[in-house]
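Hi everyone, thanks for making time this morning. I'd like to walk you through one model and talk about how its parts meet.

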Amino acid sequence: MANENKLQAIIAHAKEYGFVFPSSEIYDGLGAVYDYGQWGVELKRNVREYWWKWMTQMNEQNIVGIDASIFMHPSVWKASGHIDNFSDPMIDNKDSNKRYRVDHLIEGFAETLAEEEGKALLADMDKYIAADDFAGLKQLIEINKIACPVSKTVNWTDVRQFNLMFSTEVGSVAEEASKIYLRPETAQGIFVNFLNVQKTARMKIPFGIAQVGKAFRNEIVARGFIFRMREFEQMEMQFFVRPGTQKEWYEYWKSERMKWHATLGIDSAKYRYHDHVKLAHYADAACDIEYEYPMGFKELEGIHSRTDFDLKSHQELSKKKMQYFDADIDPETGKAYGNYIPYVVETSIGLDRTVMMLLSEAYTEEDLSTEEKQDSRVVLKFIPKLAPIKLAILPLMKKDGLPEIAKELMEECRQHFKCFYEEKDAIGKRYRRMDAIGTPFCVTIDHQTKEDQTVTIRHRDTMAQERVHISEIKNIVLQSL
RNA sequence: GCGGGAGUAGCUCAAUUGGUAGAGCGACAGCCUUCCAAGCUGUAGGUCGCGAGUUCGAGACUCGUCUCCCGCUCCA
């Protein structure tokens, strides 16, 4: 299937079978916001829980979790650089339809001028930017006849503000209210709690703090289904290390995170690392783990060596010492390492992007036609651990006591994993419905069950069936999880 | 934001030059059925994206508007 069609098919399937719905659809929807439906939420929860366990329980490193609030003190975003770096005035060229950050455009032009002239121009620009004077900025562009590099024209729109962060007011009385932001990343919740966690959990470096939660970003263009949403969920872990060791920990987490991906049942050829050449303001090394989505390789997870940028910024702004006292002996000096601000290696993966990866990877259209008749099915090949429903229990017919036996099995199994019971329609049709939402096992109760307590267990991917004793079903499913 | 394409039932689509909305699948109820969708009967479901205009009459024509998709621009 062509990739553009595959994306369409996945979006349609996700909606049709209750995985992902457009937000507020009855009111024409809300751009780049989606809701998870009954099966989507199970899939997403399974991913989230698996990541959490893998990080905070199964991993050999010392990692604990937190759950910080979405609202944070405005100074947090001052310290993190989000206020200064991500609220840029933008301008569009009407002929080329290209959009530019105003500062980039003017800086680019300034470089073509003589040094003194350029400096003067940039000084003017900084003055206008500091004053939020957009009309002044536009005037500056017009006076200097700064042209679009593509269209070479000066046919510009007005200058507009681009805000990465969503803001709202805290305080119920309007005059007393103060502006705060919805967090654009979860990491800062970890940094501001660094001391709390380190002290109360008596954590020793190296150690990690994990968090899963919502984050919010205005996007200039929100496209690609749940790949890029305005409200999304991140699974992040900040790993605090001794300065100077960040490079080896960066490499460690680079490979460690790929090990996690290798357990998701995804073709390893669909993954690649992408090293950042141009580094963000806080990083000394950074790479992405990319997955080949239907629209191409795209960033799924980021691994960043964030240095001590964040803790240091918070220390400066808050005047609180964000230090760790390291009693370990430095072999070079024979003395304790002493007080320092830890360096940080971050792993940050998009939960929604992971769900989209799993949907993309699992979605399979199969042609089952024989010479006699045409036949096909759509099957979602999730690994059982992540599948929304683990087991469907299907009496072959809804009479002769078969539903009663099925319900007994249902009662036993539902205590351990998500089950689905259905007695309507032909058995083949019920199998196909379960295929469409990725249920790995179906068990069918028939008349023979009444005689020898055996049932048919049917495997999703191979469609193979085997006859087993009814008492084995629970363990067969549990072993696959 | 710009350019292109598309909006009719849950889904896929149909409705002669404008004449007042249908089918298949799906869903639901029942019948029949001893293991891989499309056997039988019945039922529900649509102010044709929304709003104006032209007309005796608009799903169709005109204008506006909204939403979605594709491409471009920005981006941790």
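Predicted model: local features only at pLDDT ≥ 70, side-chain atom pairs only at ≥ 80, totals over all residues.

On the domain 1 side that touches domain 2, helix 2, residues 38-58, supplies the largest share, with 3 residues.

Glu42 forms a salt bridge with Lys418, and their closest N and O atoms sit 3.9 Å apart. For those of you who like cut-offs, the rule asks for within 4 Å.

Let me step back to the whole chain. Chain A is divided into domain 1, covering 4-68 + 181-359, and domain 2, covering 389-480. Taken over C-alpha atoms, the centres of domain 1 and domain 2 are separated by 38 Å.

And how many residues of each domain are in contact? For domain 1 the number is 6, and these are in contact with 6 residues of domain 2. Between them, the two domains bury about 510 Å², with 70% of it on carbon and sulfur atoms. In domain 1, the residues that lose the most area to domain 2 are Tyr17, Trp39 and Glu42, together 68% of what that side buries. So please keep an eye on Glu42, the salt-bridge partner of Lys418.

That's my tour, and I'm happy to take questions.

Definitions and conventions. Residues numbered from 1 in each chain as written. Chains lettered and ligands numbered in written order. Heavy atoms only, no water. Domains from an automatic or database assignment. Contact = heavy atoms within 4.5 Å. Buried area = accessible area lost by both parts, 1.4 Å probe. Salt bridge = Lys/Arg side-chain N within 4 Å of Asp/Glu carboxyl O. Helix = DSSP H or I, 4+ residues; strand = E, 2+ residues; numbered from the N terminus.
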